[in-house]
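Visitor: Could you walk me through this structure, please? I would like to begin with the ligand and then turn to the pocket.

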Amino acid sequence: MSKDSIASILTERIIVALDYATAEEAQGLVRSLEGIPCYMKVGMQLFYSAGPRFVEQLKEKGYNVFLDLKMHDIPNTVKGGAESITRLGVDMFNVHAAGGVRMMEAAREGVDKALASSAAGSAGAVRPLLIAVTQLTSTSQSVLNEEIGIVGTVEEAVLRYAQLAKQAGLDGVVASPLEVPALKGALGSSFVTVTPGIRPAGADIGDQSRVMTPQEAFAQGTDYIVIGRPITAAADPRAALEGIIASLQG
Ligand code: C5P
């Protein structure tokens with residue numbers, strides 16, 4: 001396969017984090033990236049202000065959408081949330097693995113219920129990838145052990161959560177790119193990894209601590225990379241994303 005076609009496949013695996021306060025600001029970024037077939041991520045800041053309509057507009061423009069709301073509640077409530085999210089037509093969404101196996105299974109049931117009713121008549125919904133948040137990358141070793149009271153290393157906690165997610169029938173996890181080889185080794189290469197903490201060579205690290213370049217992260221075997229500020233805070237976001245895509249051709 002040529003370098004160009006590898007880069008074009010990987011472009012669809014670059015998830016741009018639309019971390020904005022309003023629909024107007026996010027629309028400005030989307031306009032500037034028009035024509036580039038990247039994935040778009042709507043997180044809680046934008047969703048709580050712009051709502052489902054913004055997600056529908058991204059879908060109307062043909063984007064794959066990751067709705068990053070990190071649900072964590074009792075199983076019945078998560079099932080209902082997953083049903084509503086699936087009806088919105090997103091391509092990926094997530095729940096916290098800390099909610100336990102039963103809660104994650106309930107999320108799957110919500111997806112199944114929405115798809116069963118859409119097959120019965122309404123809009124042609126697709127099965128979204130259902131991803132678990134393991135241990136947030138902002139959790140340090142001392143916070144994990146002393147504050148939250150979980151024993152062991154962060155890596156052990158991540159692997160345990162990922163195993164629970166697989167047991168519950170989820171498709172994969174959000175993790176640091178550094179954890180990808182261990183996750184793929186323990187859970188199989190088809191268990192999806194979605195990795196934030198990505199910084200192009202020379203970019204500002206910001207509040208992320210353990211980072212990798214896009215090229216390094218894909219070389220680790222990750223399936224999707226999430227990139228926010230290196231694109232959204234750039235003087236020319238389109239040039240920033242094009243530079244990242246070009247770096248994948250090297
Ligand atoms: O701006 P930056 O590239 O650091 O953005 C990373 C994105 O990935 C943000 O939207 C953040 O919420 C998300 N994320 C993360 N770490 C996690 C889970 C999600 O940085 N463990």
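This is a predicted model: local features need pLDDT of at least 70, side-chain atom pairs count only at pLDDT 80 or more; totals for chains, interfaces and linings use all residues.

Visitor: Which residues come nearest the ligand?

Guide: There are 14 residues around the ligand, and Asp19, Lys41, Arg199, Gly228 and Arg229 come nearest.

Visitor: What does the side chain of lysine 41 do there?

Guide: An N or O atom in the side chain of lysine 41 lies 2.8 Å from an oxygen atom of the ligand. Arginine 199 also places a polar side-chain atom 2.8 Å from a ligand oxygen. For arginine 229, the distance from a polar side-chain atom to an oxygen atom of the ligand is 2.7 Å.

Visitor: And how much of the ligand is buried?

Guide: The protein buries 84% of the 470 Å² that the ligand exposes when taken alone.

Visitor: Which elements give two or more residues to that shell?

Guide: Those elements are β8 (224–227) and α10 (229–232). By class, the shell has six nonpolar, three polar and five charged residues.

Visitor: Now the pocket. Where is the ligand relative to it?

Guide: The ligand takes up the space of the largest pocket, whose volume is about 880 Å³.

Visitor: How many residues line it?

Guide: The lining of the largest pocket consists of 37 residues, and Lys70, Thr137, Pro196, Gly197 and Gln208 lie nearest the pocket's centre. Elements giving two or more residues to this lining include β2 (39–43), α3 (44–60) and α7 (154–167).

Visitor: Which element gives the largest share?

Guide: That is β3, with three residues.

Visitor: What about the classes in the lining?

Guide: The lining of the largest pocket has 14 nonpolar, 14 polar and nine charged residues.

Notes. Residues are numbered from 1 along each chain as its sequence is written. Side-chain values use heavy atoms; hydrogens and water are left out. A residue is near a molecule or strand if one of its heavy atoms lies within 4 Å of it. A polar contact is a pair of N or O atoms within 3.5 Å; within protein, one must be able to donate a hydrogen and the other to accept it, and residues adjacent in sequence count only if both atoms are side-chain atoms. Accessible areas come from the Shrake-Rupley method with a 1.4 Å probe; for residues, only the protein chains shown count as cover. On a 1 Å grid over the protein atoms alone, a cavity is a set of points where a 1.4 Å probe fits but cannot get out, and a pocket is an open set with protein on both sides within 12 Å along at least five of seven lines; lining residues have an atom within 4 Å of a point. A molecule sits in a cavity or pocket if more than half of its atoms lie within 2 Å of its grid points. Helices (H or I, at least four residues) and strands (E, at least two) are DSSP runs, numbered from the N terminus. Ala, Val, Leu, Ile, Met, Phe, Trp, Tyr, Cys and Pro count as nonpolar, Asp, Glu, Lys and Arg as charged, and the others, Gly among them, as polar. Grid points are joined across faces, edges and corners, and a volume is the space filled by probe spheres set on the points.
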